[in-house]
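Subject: Structure handover

Hello,

Here is the structure I said I would pass on. My notes on it follow below.

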Amino acid sequence: MPRSRVGRIFEHFVLLGLKTDKGLLPFNGLLEGISDIEDSDLQNLVSPLQQTYQASVYAHYPYKDLLTKLDHQAVTTLCFPHGVSLYEHPPEEGSQFHPFIITREDGSKVHGAALTFYEQVRDDGILDQINTLCKEFHKELQKTSVGRLSSYRPLQQVYAAKCMCFVMSLPFHRASEASLLHLHKMAMKLSGSLPLESYIYNLLYEVQLPPPARSSRLFVGKRNMSCYRPGGQELPLLDYPLSTVLSMLGPKQLITLVNCVLLEQRVLVTSCNYYRLMLVCESISALLFPFNWAHVYVPILPASMQHFLDAPVPFIMGLYKKGSDQDSEEFTSCEMCRVDLESCTVEPPEELPTFPHSAEMAEELHQLAAKYKIVLEGRSEMHDSESGMNSQDGISLKDHRLTEIKSDIIKLGSSSRLAELEAIVKGVGVISSIEGNLQEVLDEKKQKEADDYKERQMKNKALQDTNQQKFSECVREVFFNSQLRLFGHYEKFVIYPSQCDMASWLCSREMISNFDKESFLGDQPGIRQPFLCRFLETQMFATFIDNKIMSQWQDPDNAVKVFDLRNSAKVAEVGEDHQQKAIYEKLENTAAIDAMVDKRSVSADYVALAPHILEGLEEMCDRVDGQFPELNSQVLVPPASDDDQEDILTALVSKRPSNGEAPVMDRKELHRQPSLAFVRKNSTVSEAYIQFVDALLKEIKVKTKRMLVGKMGEEAVQLGHADPTLLGLEENTMIASLCDLLERIWSHGVTHKQSKSPLWAHLQEFSQLTNMVSWTQMVDTFTPKAAEPGAFTAVLISAGMRLLYDFTKTSSDEEEDDVAIHHEKTSADVSNFLPAEAADKVLTHRRKGSNPERPRVLEPLPDNLLVDVKHIQEMKDIKTDIGRARAFIRLSLEKKLLAAHFKELLANQELLKSLYKGVAFLRCEDEREQALYHLLSLNTADFRCFTNAFTSTELSYRVLVVPGKRFAGGISTTTANAWISVAGKLRDSDRKWLPKNVYDFSFESKNLGQLSTVRIGHDNSGLAPKWLIDHVIVRNETTGLITRFPCGRWLGRGVDDDSTERILVGETITYSQIIDTQSDTSQSFPGRQKDSPKPVRRPSTIKRSKSHMQQVLSDSVNRLLKYVHKPEKERESVTLLLCGDSGLCTTLETMLSLGFKSSRFFRNNLYIWDYLENVHRYLLTHDLEPCRSLVANITIINNSLQDVGKDGKLQLLLCIAVRDHLLPEWLTYLHYCPITKQMYDNDAFLLDEPQVQFLVNLVSMLRSYHISLEPSITQGLDI
């Protein structure tokens, strides 16, 4: 006899039924006292036969097992998730089969298969209790208007559900289903060749679990079932028909569902059948390979645990709904994927990236279905056990044929010829009468045809099963190949730790990065990046990489090993570069899959013994028709052996640490999966919510820290917060992950889901409530005496409104020039920050001909939550509440007000209590304060997550032009028509013409992006067109981002460098910096004594040594090199690196100014551009091949830019030289050009050959890199 303990397929056989030791116990507590019920409470009155009752295990074999202890509570809960039902008549559906799964505390899984059937209750005590409950129910019903005419009738018979199940280590569900159906069939029959105990003993103790890559065959009645265990290089075991899943959902919806699970969304599967819930959940989990779901996984959610659907963590849960009585809509939220298996629909969350090549995958699945004759349209055929049809006979299909045969024989018997034959036969003595043996002939023929039909049916069923297995294997290969395409070269980006042992690495695991996500995304085609940016942040991907790293210390994880082996074979076949191309390749080698499945179905490595008579069980026990018999437990004891005892001792010793040391943490402990043990230990709702609150707090701490480390970069490494190999993750991915987390926090414990985004619903409730209270306060405060111009604004300020409203101007004020600029229409942003006594003095521009207004001080934007909510509401390109909530988070984060806004939002305790349960995260004060503290830490970094995300939205920009001081003591003005154009990384605004003497205005435009340059100029008209500009400030009125554009130069002909148009390069500043700047420039207004700022363009007046210039030039080139090595989405403005204060072009201009002879007696000073024009004229007369590019560029700039001054032309020429890598040859020629010696001193930088050679070598380092100029720099040039 084979070993009885080691390697069993079926570890336990369990029988379950009503828990009768303490009488009937209600499953959900509805029977705990029936009080007086009125007509209005009739819907709460439930008949005892419509309720469910507690179940329990009343028999299981083997009874004692030290290695595989049976979890009675888990098995009972999953066999009867909604309790035991009672019926007055046997249900029509018959027996029903469903598998289940138990997740232990250590993350290991135990599989089960249950067959539920119905039998009559024979216990008189239970019958009496049921009749008593029904009688009490009838009395209460008679108190209502509906039940007054009803009469009570005692129940004569009651049927209750029972269940028998197998518990297994591996999910061999086809074999378990066939075995349970066969056992049920044998138990219900009164006669049989062997006792029932023989079949159970054979399945429990005589069917071996095959080793990896081997199969075992067992006998189930007349069928032979093969159980194959995959090897180390094969995909894991999946004993479910994927054809049924595809028939229900279709290829497109199946791919959508897999995509949601890969991105770790909350997935809720609903059905009125337990088997379908397990089928879909297990199939989806298998299609994730080589990744494993690392979160809550409950394919069959018991009724007592439905509060876990509010869990703000990723999960896969199956919810049973009986018909249309239960609607799962109340459990859906913004980040939940809802799968309804009754309507065959999948509703994914909004704004979720699609799986790469999903259309091609769907088409390939359609082709495979056609090849294997799988129907994918319409509802799937129901599982045999679901429909309640037992495949026992099937003989009725041939009954009509047998009737025809019988009628033919009867007709033959009535003929005269048949009478003669009958007389001859009787004389011989063979038979006495043909009619007497007619029934025997018919029975024999009928039985033969029935046997033939059964045989054909079994062959067709076996062929169909084999075909479905082939199709399932092909579907799994299609999904696995998609993972190979996406992650085939992942090993090149794994960052292995510097620690020598695993324990040290585990201690610092959360502080370091183990995968170069940035470089990996850079190697991927654009079609894959949206999905991969989200997926790289999932726990299942982190677990996969962790297992890969841990394989250097211990045996590799099976998923990693299989993936690496298959990937190596793929690379050897098609090459490594081929996998990185955005090409979809279909599954080609289906013939090998067919051959593999055929081989498994016909051959077996181990054959189990057939059932036999057990020793000590010579006679069969007494049986009652329709009742499952009581088994003889004495013969179902496993045989003991020396090997068995050795296995038990080995298992017990392995759990005990040696030498008193703690055992080393393995991968299961590193990524422990939530289990049912958690649910049982935390049975109350409040305790479960506490666990979720702690998990959310930990998650928000980790995410905020990662965001800060990613933004700090090298500085984080120097401070010891990150690994030296850590590279910043794409900002958009981190922000999206934070938005998902905040949505889950706001959905935790919500009482009523008013929107798919609980966060946005909370913001709207707060806004409406605050506006209502504020208007009430304003009306109470406002009196007729205060109704003077500007008084209404003061009242708004005193009431704390900070509301935006249209300021009414007089008709004469609005009669201005037809220009594209509109002045501020609101005064709230002004009066909010002015003193109360000046609140009524709203500044507007003056009319034509009036004295110029004094330049206003730029007030800070209001930091009120309501203002930002209104900004989001006005965004027309956002259509959903989820999108608005994410836009609000991004805007608040960019303005560094995220923590302040949430603190203001959560300060309203009354609103919080009305929206959330007491155990919700937002109602836990300590955890909420800690979360706000972590969000406050994000203020230390600068995020452009709103500006970079909403590129097409309409935004308002405010421009403040600060003029310089005139020689007469007043501020500089101009009679010319001035204009300004603002440019950013996304686009440029058109020219905005300024009304005369107006320095403060606003304009609307599509999102310009991060601002980089400003073009400002005028038409040089009027008597005094010359205009001195100190600087320009532009503020994004939505995000509050302030950019300062220094100038310090004149605009006008005959002054400075003869420029009427200038390009100003901006730098981002804070409001505190702008206060300092305005306090300095305000002294140039009338009544101040300080001189106007000096022009910033005269670098020749600044004495710098050649060594200092070398250092400055080296630093500017190094900054450019760092710029080109950064990912494109993380690069700052290249214009600032070229034309900023320390930019390369600015530094080159300073270098060219050293030793330049610019001063002339009684004439205007010379500029570097004058020198280059002299060189240009010299080159025109000397056609030198290396200098043709210099001549061509100077000619184009002079002809195209008539209004740009000499310094502006020089700046543009240097930018073009850097872009086209022309500086080395130009500098070399300028050094030897005769014009240089005429216009420079002998000690000039440009005449010092070692210095020039140093500069040539320095700028030559940029030859290998492409530097693109922003369109605002080259505007008007065709170069």
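A cavity here is a set of grid points where a 1.4 Å probe fits but cannot get out, and its volume is the space filled by probe spheres set on those points. Please keep in mind that this is a predicted model.

Cavities

On that definition, the structure holds 17 cavities of 30 Å³ or more. The largest cavity has a volume of about 110 Å³. Which helices supply at least two residues each to its lining? They are α36 (1144-1153), α37 (1168-1181), α39 (1206-1219) and α40 (1223-1232). Of these, α40 gives the most, with four residues. The lining includes Tyr1171, Trp1226 and a number of leucines, among them Leu1148, Leu1190 and Leu1230. By class it has 12 nonpolar residues, with no polar and no charged ones.

The loop between α39 and α40 holds His1221. This residue is not a glycine, yet its phi is positive, at about 60°.

Nonpolar cores

The largest nonpolar core has 163 residues, and those with the most contacts inside it are Phe13, Val75, Leu218, Leu257 and Phe487. Helix α5 (residues 242-262) is the main contributor to this core, with 12 residues. Leaving aside neighbours within four places in sequence, Leu257 is in contact with Leu249, Val267, Val280, Ile284, Cys337, Val339 and Val346. A second, separate core of 77 residues includes Leu738, Phe766, Leu866 and Leu915.

Backbone points to check

Most residues other than glycine have a negative phi, and most peptide bonds are trans. The following depart from that pattern.

- Glu264 has a positive phi of about 60° and sits in the loop between α5 and β10 (266-271). Is Glu264 buried or exposed? Its relative accessible area is 12%, so it counts as buried, the cut-off being under 20%.
- The peptide bond from Tyr61 to Pro62 is cis, with omega near -5°. Pro62 is in the loop between β3 (55-61) and α1 (72-79).
- Phe289 and Pro290 are also joined by a cis peptide bond, with omega about 15°. Pro290 lies in the loop between α6 (274-287) and β11 (296-301).

Strand pairing

Strand β4 (residues 84-87) runs antiparallel to β2 (residues 52-53), joined by two bridges; Thr52 has Ser85 as its bridge partner. Two bridges also join β4 to β7 (residues 159-168), again antiparallel, and there Tyr87 is partnered by Tyr159.

Regards

Terms used
Residues numbered from 1 in each chain as written. Predicted model: local features only at pLDDT ≥ 70, side-chain atom pairs only at ≥ 80, totals over all residues. Heavy atoms only, no water. 1 Å grid on protein atoms, 1.4 Å probe; cavity = no way out; pocket = protein on both sides within 12 Å on 5 of 7 lines; lining within 4 Å. Nonpolar A, V, L, I, M, F, W, Y, C, P; charged D, E, K, R; others polar. Core = buried A, V, L, I, M, F, W, Y, C linked by side-chain atoms within 4.5 Å. Buried < 20%, exposed > 50% of the residue type's maximum accessible area, 1.4 Å probe, protein only. Contact = heavy atoms within 4.5 Å. Pairing = 2+ DSSP bridges.
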